[in-house]
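Subject: Structure handover, side-chain contacts

Hello,

Here is the structure for your work on side-chain contacts. My notes on what turned up follow below it.

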Amino acid sequence: MQVELWDIARPKPYERNPRKIPEKAIKKVAASIQEFGFRSPVVVDEQGVILAGHTRLQAAKALGLRQVPVHVATGLSEAQTKAYRLADNRVAQETDWLDDVLKIELGALAELGFDLDLTGFDVPELTKLLHSEEDVERAEIAPSEAPAAAP
């Protein structure tokens, strides 16, 4: 696979992109790019229109990057181009997490002092994964909300 560095304004967003990209996602991807570097290029068709990587491009812009790595997908039919745009995003949604294994991996990262926010998981998700149900329930009831003790 050939990857080129393009000026950040060169890849063209697909006008009918059916995915909404919340600011939260852009911030997470930007944090990932800052921490790990650009590890997945923006994929474009032969006209420079994005097939995959709209969020990566927006994150790069938010970071003030001037160039992004791009892979030009050549030789795809019009149908394949349209299908790849959908499949690249959709197929990842078919997976589930093995919570017991995920807990071990997150715990190992925490022990290494790594910022778990950079894994893309939100604080409530991390809390539920890394703490017992009793710990989570206690944390969800703030002292001012706790029921008063009987007299």
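Please keep in mind that the model is predicted.

The aromatic pairs come next, as Phe114 belongs to one of them. Two such pairs are present in the structure. In one of these, phenylalanine 36 and phenylalanine 114 have ring centres 6.2 Å apart. Their planes lie at 25°, and stacked requires under 30 degrees, so the pair is stacked. Phenylalanine 36 is in helix H1, while phenylalanine 114 is in the loop between H4 and H5, so the contact ties together parts 78 residues apart in sequence. Phenylalanine 36 has 36% relative accessibility and therefore also counts as partly exposed.

Now the salt bridges. Searching the whole structure gives four. One of them joins the side chains of aspartate 122 and lysine 24, with an N to O distance of 2.8 Å. This pair links distant parts of the chain, 98 residues apart: lysine 24 sits in helix H1 (residues 23-36), and aspartate 122 in the loop between helix H4 (99-111) and helix H5 (123-130).

Aspartate 122 also forms a salt bridge with lysine 28, at 2.9 Å, N to O. Here again helix H1 is tied to the loop between H4 and H5, because lysine 28 lies in the helix and aspartate 122 in the loop, 94 residues apart in sequence. Taken together, Lys24, Lys28 and Asp122 are linked in a network of salt bridges. As for accessibility, aspartate 122 is partly exposed at 22%, and lysine 28 is partly exposed at 29%.

Another salt bridge connects the side chains of arginine 90 and glutamate 94, at 2.7 Å from N to O. Which of its two partners is exposed? Glutamate 94 is, with a relative accessible area of 54%; the threshold for exposed is over 50%. Arginine 90, at 44% relative accessibility, counts as partly exposed.

Finally, charges over rings. Arginine 10 lies over the face of tryptophan 6, at 3.7 Å from the ring centre. For arginine 85, the ring is that of tyrosine 14: the arginine lies over its face, and the distance to the ring centre is 3.7 Å.

Regards

Definitions and conventions:
Residues are numbered from 1 along each chain as its sequence is written. This is a predicted model: local features need pLDDT of at least 70, side-chain atom pairs count only at pLDDT 80 or more; totals for chains, interfaces and linings use all residues. Side-chain values use heavy atoms; hydrogens and water are left out. Helices (H or I, at least four residues) and strands (E, at least two) are DSSP runs, numbered from the N terminus. Buried means under 20% relative accessible area, exposed over 50%, partly exposed in between (1.4 Å probe, protein chains only). Rings of Phe, Tyr and Trp (its six-membered ring) pair if their centres lie within 6.5 Å; planes under 30 degrees apart count as stacked, over 60 as edge-to-face and the rest as tilted. A charge sits over a ring if NZ of Lys or CZ of Arg is within 6 Å of the ring centre and within 35 degrees of the ring normal.
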